Amino acid sequence: MDYLTEQTEREATVRMSGRLTFNDHAKMRALIKELMLNKAKQQTIELSRLEFVDSAGIGMLLIAREELANSDKQLVLRAAGGQVKRVFTVAQIDKLITIQD
Amino acid sequence: MDMIRLGRRRTAKGNDSLPGEPAAQAGVGQPASGPGPAAESASQHHADGDAHSGQDVSGRALLERWIGFSHLQQRTLEGLRFELGRVSDLVENSTLDISGRFRDLAEVAREQTRRVEEIAVLAQAIEIDGEPIPLEQVVNSMQELISEMINNIVYLSTKAMTMVYLLDDVQREVVDLEKSIGEIDAINRQTNFLALNATIEANRAGDAGRTFAVVANEVRNLSRTTSDLAVRMRGKVTSVVKGVRKGHDILRQIANTDMSPQMLAKERVDKTMDCLVQQTHHFQRVLEGAAATSGEMSGNISTLVTRMQFQDLTKQMLEHARDSLEVIGVGAGELAEETKGVLPAGAEVSVPQEWLDHLLGRFTLSDVRQRFVRHLLLEGTALDDQGALDTTAISQDSAGGDVELF
């Protein structure tokens, strides 16, 4: 998994690409820390170029949401497609995290 | 004297005519033979004033012929009555038979309807543990089960990753701990060194340094104790590290197990369930159609059986016909007897052969022909119980003339 961060006053956007699996757990932790530190209230992860997410990846995204919520920030997942979208649907992620198309 | 024309038109040769056109030259008392020439002249047209005796003779001949014909007529009528009776019986028996079969058919159709309705009911539910559960309910509960399962997978995945992060932190702390123990060792070595120096200085100071030497010695002891403690601590920390690392490894294996294919299996299950429900609805529609058709069949058959009642009417109509024939027959017989009484003794009455042949020649059913033979020639005495020809009785009778029996 790779990512690029863009930031404005109100919103931070992370463009994620590749495959999000267990092996990315250290990287993901670093990303979460980064999001915690920046000042924007809304943190968006843009997923259109993410091809695949495994069950560990789902767990990590949920950890991210919780940590951000504890800091009074909101996590949004945007433009999921393919396998990622199917997993989100089946796991009913929209009940746990804000999903946008 | 007029001749009675009987029915059919005559050709010049009289081939199509009814036989028995009076063959004048045949004379009185002889059986008429073959289709006689239909010559108008060959008649007993004694239209003008013949001699009285001639008129008597021709009149008598005519009467004799009439009587012969009347006998034939009577027997024909009886034969017809008999045949009509047979027709009536045949229709009655056949109708009863057919009605019975239709009723059986209707029963079968009703049985089918019952079975189809049973299937329609069964198709709506699945029996689980002896209880019929509607299909929609079964499908919904299965889908709920799977959703719960997936929720558990997501929950476990989240917790597993949280644990991985926690153990990452613990391992880092442990590294710090080991460092701290190392520092304790260093401090300890320093303390020991200083205490040793102090002892040496104390000895050099002699008596004045004796108290100091004691303190220095205690410090050295303390140092040794600390050293032992540090060794034990290090041992424990090493065990903890081993344990944490092992746990960490196992947890990583758990967290690394990708359950996303299992989660995606729900898509397939959902689709299958939808198809199942749709198919069941389709079944139901078809079965409802089948039940309706079966019901329609039963209805049609009932109507059919009702329509068989034509047989009653047929029987009555045939009975009327038979009665009429009987009346005519009796009347003809009476008249013949009266006529016979008028004739002088010695008059010969004979069966008009050509009429007979013509009559019998027209039957295509051989058994009908046989029965008529009996009636016409043998006065009905040689028929057995079924109205069939009793051939032994026939052979004994010679009044049949030339009629062939087929």
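Helices (H or I, at least four residues) and strands (E, at least two) are DSSP runs, numbered from the N terminus. The model described here is predicted, so that local features need pLDDT of at least 70 and side-chain atom pairs count only at pLDDT 80 or more, while totals for chains, interfaces and linings use all residues. Residues are numbered from 1 along each chain as its sequence is written, and chains are lettered from A and ligands numbered from 1 in the order in which they are written.

Chain A contains three helices and five strands, arranged from the N terminus as β-β-α-β-α-β-α-β. In chain B, eight helices and two strands are found, and the order of elements from the N terminus is α-β-β-α-α-α-α-α-α-α. A residue is termed buried if 20 or more other C-beta atoms lie within 10 Å of its own, exposed if 12 or fewer do, and partly exposed in between, with C-beta atoms placed from the backbone. By this criterion, 40% of the 101 residues in chain A are buried. For chain B, with 406 residues, the buried share is 14%.

The strands of chain A form an open sheet of five strands in the order 1-2-3-4-5, with mixed pairing; two strands pair if DSSP finds at least two bridges between them. Strand 1 (2-7) and strand 5 (98-100) of chain A are the edge strands, each pairing on one side only. On average, and with direction ignored, neighbouring strands of this sheet are turned by 25° against each other. Six bridges connect strand 1 of chain A with strand 2 (residues 11-20) of chain A, and the pairing is antiparallel. Within strand 2 of chain A, M16(A) is the residue that stands opposite Y3(A). In a regular strand the side chains alternate between the two faces of the sheet.

Two loop residues of chain A have positive phi values. D72(A), which is not a glycine, has a phi of about 65° and lies in the loop between helix 2 and strand 4 of chain A. D72(A) counts as exposed because it has 7 C-beta neighbours inside 10 Å. For Q92(A), also not a glycine, phi is near 50°; this residue belongs to the loop between helix 3 and strand 5 of chain A. Q92(A) is classed as partly exposed because it has 13 C-beta neighbours inside 10 Å.

In soluble globular proteins, nonpolar side chains tend to be buried together. A nonpolar core is defined as a set of buried Ala, Val, Leu, Ile, Met, Phe, Trp, Tyr and Cys residues joined through C-beta atoms within 7 Å. The largest such core has 38 residues, of which L47(A), I58(A), M60(A), V84(A), V87(A), A91(A) and M161(B) touch the most other members. At least two residues of this core come from each of several elements, including helix 1 (25-37), strand 3 (42-53) and helix 2 (55-70) of chain A, as well as helix 2 of chain B. Helix 2 of chain A supplies the largest share, seven residues.

In chain B, strand 1 (residues 125-128) and strand 2 (residues 131-134) run antiparallel and are joined by four bridges. A125(B) stands opposite P134(B), a residue of strand 2 of chain B. The two strands of chain B form a hairpin with two residues between them, and D129(B) in the turn has a positive phi of about 55°.

Two packed helices are described by the angle between their axes and the distance between the axes. Axes are lines fitted to C-alpha atoms, for helices over the stretch in contact, and angles run from 0 to 180 degrees between N-to-C directions. Helix 2 (residues 135-204) and helix 3 (residues 210-256) of chain B pack at about 165°, with axes 8 Å apart. Helix 2 of chain B is therefore roughly antiparallel to helix 3 of chain B, a term for angles over 145 degrees. By class, their contact has 27 nonpolar residues (Ala, Val, Leu, Ile, Met, Phe, Trp, Tyr, Cys and Pro), five charged residues (Asp, Glu, Lys and Arg) and 12 polar residues (the others, Gly among them).

E136(B) is located in helix 2 of chain B and is partly exposed, with 14 other C-beta atoms within 10 Å. Although 137 residues apart in sequence, E136(B) and M273(B) are 9.1 Å apart in space, C-alpha to C-alpha. S302(B) lies in helix 4 (residues 260-307) of chain B and is partly exposed, having 13 other C-beta atoms within 10 Å. Between the C-alpha atoms of S302(B) and A106(B) the separation is 7.4 Å, and the two residues are 196 residues apart along the chain.

Terms used: Parallel < 35°, antiparallel > 145°, perpendicular 65-115°, else oblique.
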